[in-house]
Amino acid sequence: VMSILLHGDAAFAGQGIVYETFHLSDLPSYTTHGTVHVVVNNQIGFTTDPRMARSSPYPTDVARVVNAPIFHVNADDPEAVVYVCNVAAEWRSTFHKDVVVDLVCYRRNGHNEMDEPMFTQPLMYKQIRKQKPVLQKYAELLISQGVVNQPEYE
């Protein structure tokens, strides 16, 4: 059995329950013997710029309180994500301690269907709109390598 928690970046950094749970994580009567924390880090908490939301550069820095390893990985690279998740799972299985996977990514369409992210983050969303979706990038890579062909992808 392995405990896995999925977090949003703003919630991970800003909700006291995360910090409190880390402090309880190694108590004999409370421990899960390590949790894999996966943080979906879209770099903007709701619509708040990170510089206005926390004092540290990464939302995952709260895990430093228990010296948990933190793996920052580019979520646009599915193979890197799988590799890092395997390393995190091995760490947790070997050392029975918490570990964090920080999926550095972006939200393509804003916080919700009512949000227009260009209002609060115009420079970032100008760049995001230029990006191909992850599935398209990965499919193009696999097709170029001959791993799959276009009809198989479709």
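# Exercises on salt bridges and surface

Glu-140 is partly exposed, at 35% relative accessibility. The model behind this value is predicted.

## Exercise 1

Find the salt-bridge partner of Glu-140 and classify that partner by accessibility.

*Solution.* 
- Step 1: Look for the pairing. The side chain of Glu-140 meets that of Lys-132 in a salt bridge, at 2.9 Å from N to O.
- Step 2: Take the accessibility of the partner. Lys-132 has a relative accessible area of 38%.
- Step 3: Apply the cut-offs. Buried means under 20% and exposed means over 50%, with partly exposed in between. Lys-132 is therefore partly exposed.

## Exercise 2

Which parts of the protein does the salt bridge between Asp-76 and Lys-137 tie together?

*Solution.* 
- Step 1: Confirm the bridge. N and O are 2.7 Å apart for Asp-76 and Lys-137.
- Step 2: Asp-76 sits in the loop between β3 (70–74) and α3 (78–95), while Lys-137 belongs to helix α5 (residues 134–144), so the bridge ties together parts 61 residues apart in sequence.
- Step 3: Classify each end. Asp-76 is buried at 18% relative accessibility. Lys-137 is partly exposed at 25%.

## Exercise 3

Take the pair Arg-64 and Asp-61, and decide for each residue: buried or exposed?

*Solution.* 
- Step 1: Get the distance. The closest N and O atoms of Arg-64 and Asp-61 are 4.0 Å apart, and the pair forms a salt bridge.
- Step 2: Check Arg-64. Its relative accessible area is 56%, so Arg-64 is exposed.
- Step 3: Check Asp-61. Its relative accessibility is 13%, so Asp-61 is buried.

## Exercise 4

Identify the residues of the nonpolar surface patch that includes Val-65, and locate Val-65.

*Solution.* 
- Step 1: List the members. The patch consists of Tyr-19, Val-65 and Val-66.
- Step 2: Give the area. Together they have about 220 Å² of accessible area.
- Step 3: Locate Val-65. It lies in the loop between β2 (35–41) and β3.
- Step 4: Test the cut-off. Patch residues need over 30% relative accessible area. Val-65 has 31% and counts as partly exposed.

## Exercise 5

Describe the overall fold content and surface of the protein.

*Solution.* 
- Step 1: Count the elements. There are 6 helices and 4 strands.
- Step 2: Order them. From the N terminus they run β-α-α-β-β-α-β-α-α-α.
- Step 3: Of the 154 residues, 32% count as buried.
- Step 4: Check contact range. Among contacts between residues at least 6 apart in sequence, 71% join residues at least 24 apart.
- Step 5: Take the surface. Accessible area comes to about 9,800 Å², with 58% belonging to carbon and sulfur atoms.
- Step 6: Compare the charges. The mean positions of the 12 positive and 17 negative charges lie 7 Å apart.

Methods
Residues are numbered from 1 along each chain as its sequence is written. This is a predicted model: local features need pLDDT of at least 70, side-chain atom pairs count only at pLDDT 80 or more; totals for chains, interfaces and linings use all residues. Side-chain values use heavy atoms; hydrogens and water are left out. Buried means under 20% relative accessible area, exposed over 50%, partly exposed in between (1.4 Å probe, protein chains only). Helices (H or I, at least four residues) and strands (E, at least two) are DSSP runs, numbered from the N terminus. Patches are made of residues with over 30% relative accessible area and no salt bridge: like charges are joined within 9 Å, nonpolar side chains (Val, Leu, Ile, Met, Phe, Trp, Tyr) within 5 Å. Accessible areas come from the Shrake-Rupley method with a 1.4 Å probe; for residues, only the protein chains shown count as cover. Contact means heavy atoms within 4.5 Å. Lys and Arg count as positive and Asp and Glu as negative; His and the chain ends are not counted. The place of a charge is taken as NZ of Lys, CZ of Arg, CG of Asp or CD of Glu.
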